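Please open the model in your viewer and keep the sequence panel beside it.

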Protein chains: 2
Amino acid sequence: MRTSIATVCLSGTLEDRLDAAAAAGFDGVEIFENDLIASSSSPESIRARTRDLGLSIDLYQPFRDAEGAPPDRFAAVERRMRAKLDLMARLGADTVLVCSSVAPDTIGDDALAAAQLRTLADLAAERGMRIAYEALAWGRHVSTWDHSWEIVRRAGHPALGLCLDSFHVLSRGSDFAGIRSVPGEKILFLQLADAPRLAMDVLQWSRHHRLFPLQGGLDLAAFTQAVLDAGYTGPLSLEVFNDVFRQADPHRTAVDARRSLIALASGLNGGADGALTPAPALDGIAFTELGVDPSSAPEMETLLRALGFAHTGQHRSKAVQLWEQGAARILLNAGAPSPAEGSAAIRAFALESTQPEQSARRAEQLLARPLPRRRRQSEADLTAVAAPDGTEVFFVRTSPAGWHDDFLPTGETAAGAGITGIDHLSLAQPFDRYDEAALFYRTVLGMADDEAGEFAAPFGLVRTLAIRDPGRRVRIALSVPVLRRGEWAPAIPHPQHLTLATSDLAVTAAALRAAGVETAPIPGNYYDDLDARLALPLALRGKLHSLGAMYDEDERGQYLQLFTPVVGGRVFIEIVERVNGYRGYGFANDPVRMAAHRAQRLRKEVRD
Amino acid sequence: MRTSIATVCLSGTLEDRLDAAAAAGFDGVEIFENDLIASSSSPESIRARTRDLGLSIDLYQPFRDAEGAPPDRFAAVERRMRAKLDLMARLGADTVLVCSSVAPDTIGDDALAAAQLRTLADLAAERGMRIAYEALAWGRHVSTWDHSWEIVRRAGHPALGLCLDSFHVLSRGSDFAGIRSVPGEKILFLQLADAPRLAMDVLQWSRHHRLFPLQGGLDLAAFTQAVLDAGYTGPLSLEVFNDVFRQADPHRTAVDARRSLIALASGLNGGADGALTPAPALDGIAFTELGVDPSSAPEMETLLRALGFAHTGQHRSKAVQLWEQGAARILLNAGAPSPAEGSAAIRAFALESTQPEQSARRAEQLLARPLPRRRRQSEADLTAVAAPDGTEVFFVRTSPAGWHDDFLPTGETAAGAGITGIDHLSLAQPFDRYDEAALFYRTVLGMADDEAGEFAAPFGLVRTLAIRDPGRRVRIALSVPVLRRGEWAPAIPHPQHLTLATSDLAVTAAALRAAGVETAPIPGNYYDDLDARLALPLALRGKLHSLGAMYDEDERGQYLQLFTPVVGGRVFIEIVERVNGYRGYGFANDPVRMAAHRAQRLRKEVRD
């Protein structure tokens, strides 16, 4: 299937946008009128540029307030349409989008609307062009796809057909099964946009919060399939108005956009059109690589030793240490700066894949940026791609001859402090990458959303999204400050963290205490509130209080959390005990934890 | 009237928030439960701190899901209430806010709700405390103030009364005249919040978009007056959930908050309680001071000369030049860095006030930050305050012995190029200061909103608000990028600009051309679209095209705009001709103008 993208999805000058669309592999573009008007390039030069880039111009849009115009205003509509059709001829575009009128003086009369569209279609046909008529969800009189189809049918003009837009149909919760009975040749264009489910004015929702397919909560797959079933043969085209994408690097956004269409297409027509290698099952996190500044390395080593880890291996060629305990493996890299953007501390992680090569193939099909394979003689060949924030994601199968063999054994063995493995990773995301990251983990790794939240932290709102594989072996929590950017709120990203699972938090806490590590000081007010809210068993209450642990529960079980200090301002370790199958992440405790870390830092500054 | 503020209005640790509230002059605070829970200070130490700061704790809040609880859950509610009342005793707070229940299992039975609230009021009364019951706009069964009053009346308990919140009442458009008949002593607390008029889910609207009084679109004055008329004698207290304030400097936010109450109070009870010096009439902008880097000064001087200005004066003691033409006076300061934050280029402006001293007195009453008076012998005594973004605002009365006399005449006279005066100032605002700036200009200067907009610029959304004095002599356009903060969009603030009025744009354009100044290159696509949309008279069309001017019109008249290049990346000058009483600002043209400036810069970089 051909893919197309509206220039309004991207940021920058029109040239920036065209370059980005071509580089991401799109076949065509929709030229959004305002982007052309602001461009210093003539239509002829835009036409030449798109041709050089291998892009077709699939649509010119939008043409507003046409149908239903009071007769005395319609002459101006015709005049405007002639001018725009002439412009399209210069551009080399042959289809114009007419969206249903919103002007207050629009007349609600289907016969009039059909007659006027017929007149406009005559103008288009004279030039060998076509008009695609679309019902805006907030159209004055025409706001549903079936109403727009009724008018197009009534007009009965060969140069007039429908434009269908997933957002306008799905945002209203309209039944779209009937689309299958529309003759395929009368559907001239298909625009796709997803969106989170929000309870707000549909116009604002559409203008600010649209997302690429599979990034939101609308059923794009079912809708698109219905349109294909009708016999539509045009491109799958994206039309997404999003405040973040409007100001983000268009090259990154365009790749994100294409990824969404590749993933969407793989599920259409029974997978016949865009077969994608299935995501192999994941078996857990093989290792996590922490990047710390050389000056913070001793503190992190002390912390790992206090947690019962042993420095079991030293990389054959790099300044990277392997630390192990149970199934938890941490690579400590105090060398080169992190490839991740900003000061991200989790610079890489490796996923245990049942089929690493297949995982890598799927990632490549979904446009994940491959990382150069680095191997020396006697080093394992690791396949890796970059996540949207730059974090390196390796696909491995841990075995004696595998990656583990890259490390020379030191002979140390772990003292042990109850740690059994890696529970999850918490990746603070760059602002521009949040929805892109969610799509990446969902599609490339075949993971699914687990829990989403938003909470008021001491320095502003934070949004979180936890994603997991079907078997709950790999869990990743993404977070982003919703708005933090003034001169007061800390400008640096909030720290990332690694969450370790323990079989007994008391054992781990005792080990930390014995080693002189002070965990983040959870305030007494927190326990007072816990006592007021929940009548916890006395033993549990005592355990929490004495360990300085935080607590959460769900309908299944309990969650006990302990936090190390933040090392080097960039990373801390959380230790959790899951009891009776608790499935959450304790997000509600995050503001208190953040305040505790801040209090701990302020005290340390006073001491120092 | 006493003033109070909820800690949730502010950012930072609880201590940061208390300090900010006290410094801004509030009498008391509402302690928001989550802020206390996250605090490392005990209730006793918070009590001591507020006492030391001279703050009372006027309310503890919120207590959720109390009334209408199924009987088997009510024991837990009582237990929780006892714990919170004990906590309040430690804090020294005597009133707790109970908000109407939202839990799905809440029973909609007024008799049950009244009985349960009576039971809880007994618990409060035992400790000499009170319960203020509030209807949340999204309460499960109780969502209007009159319903909450019906339940309180039914309960008939001396320790139980109402909490009224302007947002919950006004957001629903409820009639509030009936509040006047509620006995004053039964209104235990009054919370004030404004909000912009938005069509969205009321819960999201409330949690993210509340504003301080007079910053939004709700009628706070009428509502507050109704509550006072009922005999309410407690504090005016602010409870504002706002995404920006949550992450902004709490000291600045607290001052902004107090300013809103001072302005609100001055209009209550016929002005008896908080008399404020009236805002004197403004007569125009006496001068605008532009700050440029020394390296950009020659370019700006060339530009001013090209525009027909003369360098008429040199400051007696500072490296500041006076440039004049008609009533337009520009101070050019290539010296000390701008006091404004960021790289704001309009570092000061002076308002012609009919009573400068009175203007300054009002500014002081409204907590504007006074700037040190700088005068030397034989220099005018200028009264100035800082606007929220740091811009210096002077109040002057231009006269022979006034500020003008600080400049030694150079003897130059202006060649003239049609410029008649300063049309308006366009101040790009720091993100954190936008609503604060609007409130500042409205209250301190007695100005009113003129036109608000939001447009998609090439690098992201931009929000604008134009404010003017009643006589349309002073116009200020504020703008802020809604979301610009990723790594792609330009990190620097967009340039500020000064708009000059010309009596004939053709004359000014000819002067610029003669001097070799290239104005921002408006693309041909813009004129094609203009022609498609409007059938302009041939002469006007020709004039626009030949001048490279942009165009707007309203129901009164026409607006012709021309833009100089951006000087030093920070500032440009717009020249406008208003025809037949056009009243707008041409905001819709901004995206094209921004793209043109970018194209001009890129061309210059290629040339250089």
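Begin by selecting Pro62(B), which sits in strand E3 (residues 56-63) of chain B; helices (H or I, at least four residues) and strands (E, at least two) are DSSP runs, numbered from the N terminus. The peptide bond that joins Gln61(B) and Pro62(B) is cis, with omega at about -10 degrees. Before going further, please note that this is a predicted model, in which local features need pLDDT of at least 70 and side-chain atom pairs count only at pLDDT 80 or more, while totals for chains, interfaces and linings use all residues. Residues are numbered from 1 along each chain as its sequence is written, chains are lettered from A and ligands numbered from 1 in the order in which they are written, and side-chain values use heavy atoms, with hydrogens and water left out.

Move along chain B to Asp65(B), which belongs to the loop between E3 and H4 of that chain. Asp65(B) is not a glycine, yet its phi is positive, at about 50 degrees. Then switch to chain A and select Gln61(A) and Pro62(A), which are joined by a cis peptide bond with omega of about -10 degrees. Pro62(A) is part of strand E3 (residues 56-63) of chain A.

**Between the chains**

Now display both chains and colour the residues at their interface. Here 65 residues of chain B touch 65 residues of chain A, where contact means heavy atoms within 4.5 Å. The size of an interface is often given as the accessible area lost when the parts come together. Chain B and chain A bury about 5,000 Å² between them, and carbon and sulfur atoms account for 56% of it; buried area is the accessible area (1.4 Å probe) that two parts lose on being put together, summed over both.

Which elements of chain B give two or more residues to the side that touches chain A? Among them are helix H1 (14-23), helix H4 (71-91), strand E19 (448-457), strand E20 (460-468) and helix H15 (524-533) of chain B. The largest share of that side, seven residues, comes from H15(B). By residue class, the side of chain B that touches chain A divides into 29 nonpolar, 12 polar and 24 charged residues, where Ala, Val, Leu, Ile, Met, Phe, Trp, Tyr, Cys and Pro count as nonpolar, Asp, Glu, Lys and Arg as charged, and the others, Gly among them, as polar.

**Between the domains of chain A**

The area buried between domain 1 and domain 2 of chain A is about 1,400 Å², with 56% given by carbon and sulfur atoms. On the domain 1 side, Gln215(A), Arg252(A) and Arg259(A) lose the most area to domain 2, together 45% of what that side buries.

Select Arg252(A) with Glu436(A) to see a salt bridge whose closest N and O atoms are 3.4 Å apart. The count between the two domains of chain A is one salt bridge.

**Annotated sites in chain A**

Select His424(A), His497(A) and Glu574(A), which the UniProt annotation "binding site" (unreviewed entry) covers; such annotations may be inferred rather than shown by experiment. These residues span 151 residues in sequence, yet no two of their C-alpha atoms are more than 9.5 Å apart, so they gather at one spot. His497(A) lies in strand E22 (residues 496-502) of chain A.

UniProt also places the feature "binding site" (unreviewed entry) at Glu134(A), Asp165(A), Gln191(A) and Glu239(A). They are spread over 106 residues of sequence but cluster in space, with a largest C-alpha distance of 13.0 Å. Asp165(A) is in strand E6 (residues 160-165) of chain A.

How values were computed
Salt bridge = Lys/Arg side-chain N within 4 Å of Asp/Glu carboxyl O.
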